[in-house]
Amino acid sequence: MVAAPGENLRINGDRLWDMLMEMAKIGPGIAGGNNRQTLTDADAQGRDLFKAWCDEAGLTMGVDKMGTMFATRPGADPEALPVFIGSHLDTQPTGGKYDGVLGVLAGLEVVRTMNDLGIETKHPITVVNWTNEEGARFAPAMLASGVFAGVHDLDYAYARKDPEGKTFGDELQRIGWLGEEEVGARKMHAYFEYHIEQGPILEAEEKQIGVVTHCQGLWWLEFTLTGKEAHTGSTPMTLRVNAGLALGRILEMVQAVAMAEQPGAVGGVGQVFFSPNSRNVLPGKVVFTVDIRTPSQEKLDRMRARIEAQAAEICAALGVGCSVEAVGHFDPVTFDPVLVGRVREAAERLGYSHMNLISGAGHDACWASRVAPSTMVMCPCVDGLSHNEAEEISREWAAAGADVLFHAVVETAEIVG
């Protein structure tokens with residue numbers, strides 16, 4: 001049986017919280033959150049601060065060709081594969097202070113606590129900051145971990161463009177975080193990710209810890225509708241080729257498709273671009289992304305097929321051109337039962353209330369699970385808010401999840417001596 005840390009051993013919650021607040025000063029938002037989008041100057045500054053903290057903790061930093069940062073504490077066995085703890089430092093344009101950041105800095109706190117306590121493990125510990133988890137600036141989300149897992153190739157990633165036409169590859173080089181390591185060359189013994197729930201369940205159920213057993217599958221379907229630009233005041237209703245009207249009908253259809261698959265399915269549209277986007281001109285082109293998610297592979301496949309087929313019918317009836325491109329996808333994920341059990345046992349050992357969760361959002365753990373046993377730990381967030389500057393957690397919630405992470409990671413890395 002693998003030895004576990006004693007139940008009296010905890011991370012330094014105040015130190016973790018101080019790191020979170022210090023990182024939040026970089027790339028401040030306009031309403032108390034953060035705008036530290038990937039490969040921006042603010043992202044570079046956040047990376048610099050993280051590296052400085054890792055250096056202070058005695059970790060060795062490596063960077064791969066996707067800009068992902070790997071900070072490693074050595075293990076006693078030079079042949080043993082590392083236990084990874086990862087998440088991301090990039091944010092949404094109107095993001096909070098905890099989404100992703102909590103997981104990276106809690107990983108660093110795990111290592112700092114091991115240093116404080118003089119804990120030595122057989123396996124090394126590697127804390128990871130994955131590049132472009134959010135996908136807000138460069139689609140798809142979880143891009144670097146996707147390349148690491150062999151889902152995307154490097155040329156595809158480098159060619160991704162932001163709304164201004166800047167490429168991922170050029171921007172990675174510009175901010176100075178283009179590494180030399182081959183992506184995916186590192187091997188993992190196990191992967192852990194700590195994250196805020198991004199939903200209301202833990203708070204509503206008054207549970208401190210989410211034991212994440214599965215992650216929903218996802219499709220991002222980018223539609224391009226082509227109509228005819230025309231004056232809104234002088235073009236008769238019967239002679240319009242209205243891409244905006246087609247969008248409206250597709251929005252209703254996506255809602256209906258998701259509702260028909262209840263329970264356990266969601267669908268919606270969060271991003272729309274009108275062209276020319278003028279008050280008195282019917283749009284000649286509308287580009288938008290449909291986001292559908294469910295933990296059921298059967299439902300996910302059925303929802304995509306129905307949405308694409310019905311969108312084509314809607315557009316044909318209006319004379320509007322319709323094309324669709326899948327710009328993001330992963331199948332439903334079942335996390336490793338042994339690691340899930342260690343998270344659950346750690347919560348019980350520490351006396352924290354807990355429950356099983358299915359993650360509604362995608363995470364780098366979804367791709368990591370393709371190359372190594374993986375799991376996640378979650379803590380509550382106030383009102384379930386995330387991807388919002390009002391995102392909030394408590395110091396106590398942050399520390400409780402980090403305690404569980406610490407115990408599960410150290411047990412997996414195997415204490416020596």
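This is a predicted model: local features need pLDDT of at least 70, side-chain atom pairs count only at pLDDT 80 or more; totals for chains, interfaces and linings use all residues.
Residues are numbered from 1 along each chain as its sequence is written, and side-chain values use heavy atoms, with hydrogens and water left out.

**Salt bridges**

There are 21 salt bridges in the structure, each one a side-chain nitrogen of Lys or Arg within 4 Å of a carboxyl oxygen of Asp or Glu. Here are some of them.

| Pair | Closest N to O |
|---|---|
| Arg395 and Asp14 | 3.1 Å |
| Arg304 and Glu308 | 2.9 Å |

Take Arg395 and Asp14, which form a salt bridge. Arg395 sits in helix H12 (residues 395-413) and Asp14 in helix H1 (residues 13-23), so this pair ties together parts that are 381 residues apart in sequence. Helices (H or I, at least four residues) and strands (E, at least two) are DSSP runs, numbered from the N terminus. Arg304 and Glu308 are another story: they are four residues apart in helix H9 (residues 297-318), about one helical turn.

How open are these side chains? The scale calls a residue buried under 20% relative accessible area, exposed over 50%, and partly exposed in between (1.4 Å probe, protein chains only).

**The annotated site**

An unreviewed UniProt entry lists Asp99, Glu134 and His387 under "binding site"; UniProt positions are given in the numbering used here, feature names are shortened, and annotations may be inferred rather than shown by experiment. These residues are spread over 289 residues of sequence, yet they cluster in space, with a largest C-alpha distance of 9.5 Å.

Glu134 lies in the loop between strand E4 (125-129) and helix H4 (143-148), and is buried at 7% relative accessibility. The Glu134 side chain makes a polar contact with that of Gln92 at 2.9 Å. His387, in the loop between strand E15 (374-379) and H12, is partly exposed at 39%. Its side chain makes a polar contact with the Asp99 side chain at 3.2 Å. A polar contact is a pair of N or O atoms within 3.5 Å; within protein, one must be able to donate a hydrogen and the other to accept it, and residues adjacent in sequence count only if both atoms are side-chain atoms.
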